[in-house]
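Please take a moment with the sequence and the structure shown here.

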Amino acid sequence: MDPFFIKAIQLLLSLSILIVLHELGHFIPAKLFNTRVEKFYLFFDVKFSLFKKKIGDTVYGIGWLPLGGYVKISGMIDESMDKEQMSKPPEPWEFRSKPTWQRLIIMLGGVTVNIVLGFLIYMMVLFVYGENYLSPKVFDNGLETAEVMKDYGFMDGDKILTVDGEPLQSQIDINKYLLLRDVNTVEVQHPTGTTETIALPEDIGQQLFQSGSMQPFSPVKEPLIDSVLADSPAAKAGLKKGDLITSVNGEKVKYWHEFRKKIQASQGQPVELTYDSTSEANPGLDKELSGDGFGKVSISTNEDGNIGVFTSSITAEDILTKTYSFGESIGAGFDFAYWTLHDYAAQFKYVFTKKGATQVGGFGAIGSLFPEAWDWKAFWTTTAFISIILAFMNILPIPALDGGHVMFLLYEMISGRKPNEKVMEYAQMIGFFILIALVLFANGNDVYRWLTGG
């Protein structure tokens with residue numbers, strides 16, 4: 001099956017599960033407090049439904065527009081804008097007749113379910129599959145450092161010892177900490193063997209984001225070619241997968257970043273490379289060798305300073321798995337859910353920038369989170385992540401979202417009086433148009449990236 005359809009099916013299934021459970025979070029407390037629920041819908045039934053059936057006072061159905069779902073609760077100003085019902089005297093079974101604390105529980109039910117669901121899924125994923133992490137040997141040669149971080153004293157080949165006094169599970173986590181968490185100091189071991197504690201400014205995340213250095217640190221690798229672009233200068237010169245670069249213009253290179261920088265510094269000019277093709281240098285490769293296996297070629301770089309070669313990414317052998325007992329998975333699942341919510345909320349500081357606004361995505365971006373081949377671990381992990389996203393987005397104090405209703409209820413609890421119904425109606429309409437605009441903008445970004453190949 002085409003990868004696009006596999007992703008689409010996963011997205012549809014994931015959203016269906018999350019929407020139904022979210023709406024149950026409103027439905028169940030409403031029923032417990034004897035509040036009438038008129039409709040319970042998966043997706044929106046604009047003009048018509050794909051399926052509907054009335055059971056008791058509630059019509060259960062599936063709409064055709066997969067932009068969410070809803071429960072219509074009697075006596076509540078919501079997206080249905082049922083002004084006729086609201087103009088009548090309150091009935092005992094209506095939402096508006098219930099005590100404020102009951103209405104607050106009903107409105108918080110959906111978000112609560114999403115948070116709890118995210119935690120439960122993470123817990124079970126950790127218990128069943130364990131947690132993957134990079135083997136320490138990946139970092140034996142230290143980390144390659146982006147230029148923006150070198151201004152603060154970091155070097156190529158550094159090893160991260162602690163962040164704010166605490167060790168990291170994996171050194172590569174430093175990227176996430178710098179962008180999404182408050183980092184004051186980083187203790188590093190330089191390739192010279194000396195250690196240093198480097199202080200960082202509060203806006204280090206913004207600096208990295210604006211400079212485009214979203215992965216300021218990456219594992220240092222040998223200058224071993226993993227792939228060669230067809231018709232590139234390297235391909236025309238005869239370089240192949242498995243060749244180990246040993247020098248550029250007579251200068252020895254030990255690591256990939258050294259090789260890349262020397263190549264880029266010679267952009268537009270021919271460079272002389274020496275390389276080792278022996279099986280001893282590249283175990284596991286089966287290739288025809290001539291002579292002693294060493295070679296020398298002269299290559300002209302492209303205008304952007306590249307020759308069309310790439311090194312290997314992380315391999316399966318580099319990934320280890322940490323297993324959890326059922327008891328251990330409870331605490332670990334809670335931590336995973338907490339930090340997922342924390343980091344997602346933290347990244348919003350980048351959204352409200354000129355560059356960040358262009359990164360906002362809609363259904364296409366969400367769908368891209370799923371793998372191209374069906375994988376239950378990836379499916380459930382992504383579903384847990386989306387559940388956390390839905391919880392955060394729904395609790396935002398925007399009228400038409402759960403958070404908007406909660407905002408008015410908190411006002412009522414604090415002031416002791418209900419907000420004016422006209423004010424709530426207008427706020428609901430404004431909030432609805434804001435949401436429509438955000439949906440169009442986010443999905444418009446997806447379309448633009450697809451058209452431009454971004």
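A crossing is called left-handed if the near helix is turned anticlockwise from the far one by less than a right angle, and right-handed if clockwise. This is a predicted model, in which local features need pLDDT of at least 70 and side-chain atom pairs count only at pLDDT 80 or more, while totals for chains, interfaces and linings use all residues. Residues are numbered from 1 along each chain as its sequence is written, and side-chain values use heavy atoms, with hydrogens and water left out.

**Helix pair**
- The crossing of H3 and H14 is left-handed.
- Helix H3 (residues 100-129) packs against helix H14 (residues 402-415) at an angle of about 160°, and their axes are 10 Å apart.
- H3 and H14 are therefore roughly antiparallel to each other, a term used for angles over 145 degrees.
- In this contact (heavy atoms within 4.5 Å), H3 contributes residues including Thr-100, Arg-103 and Leu-104, and H14 contributes residues including Asp-402, His-405 and Val-406.

**Thr-162**
- Thr-162 lies in strand S5 (residues 159-163), and with 14% relative accessibility Thr-162 counts as buried, meaning under 20% relative accessible area with a 1.4 Å probe and protein chains only.
- Leaving aside residues up to four places away in sequence, Thr-162 touches Pro-167, Thr-185, Val-186 and Glu-187.

**Ser-300**
- Ser-300 belongs to strand S13 (residues 294-300) and is partly exposed at a relative accessible area of 43%, the class between buried and exposed, where exposed means over 50%.
- Ser-300 and Gln-269 are 31 residues apart in sequence, and 5.6 Å separates them in space, C-alpha to C-alpha.

Methods: Axes fitted to C-alpha atoms, helices over the stretch in contact; angles between N-to-C directions. Helix = DSSP H or I, 4+ residues; strand = E, 2+ residues; numbered from the N terminus. Parallel < 35°, antiparallel > 145°, perpendicular 65-115°, else oblique.
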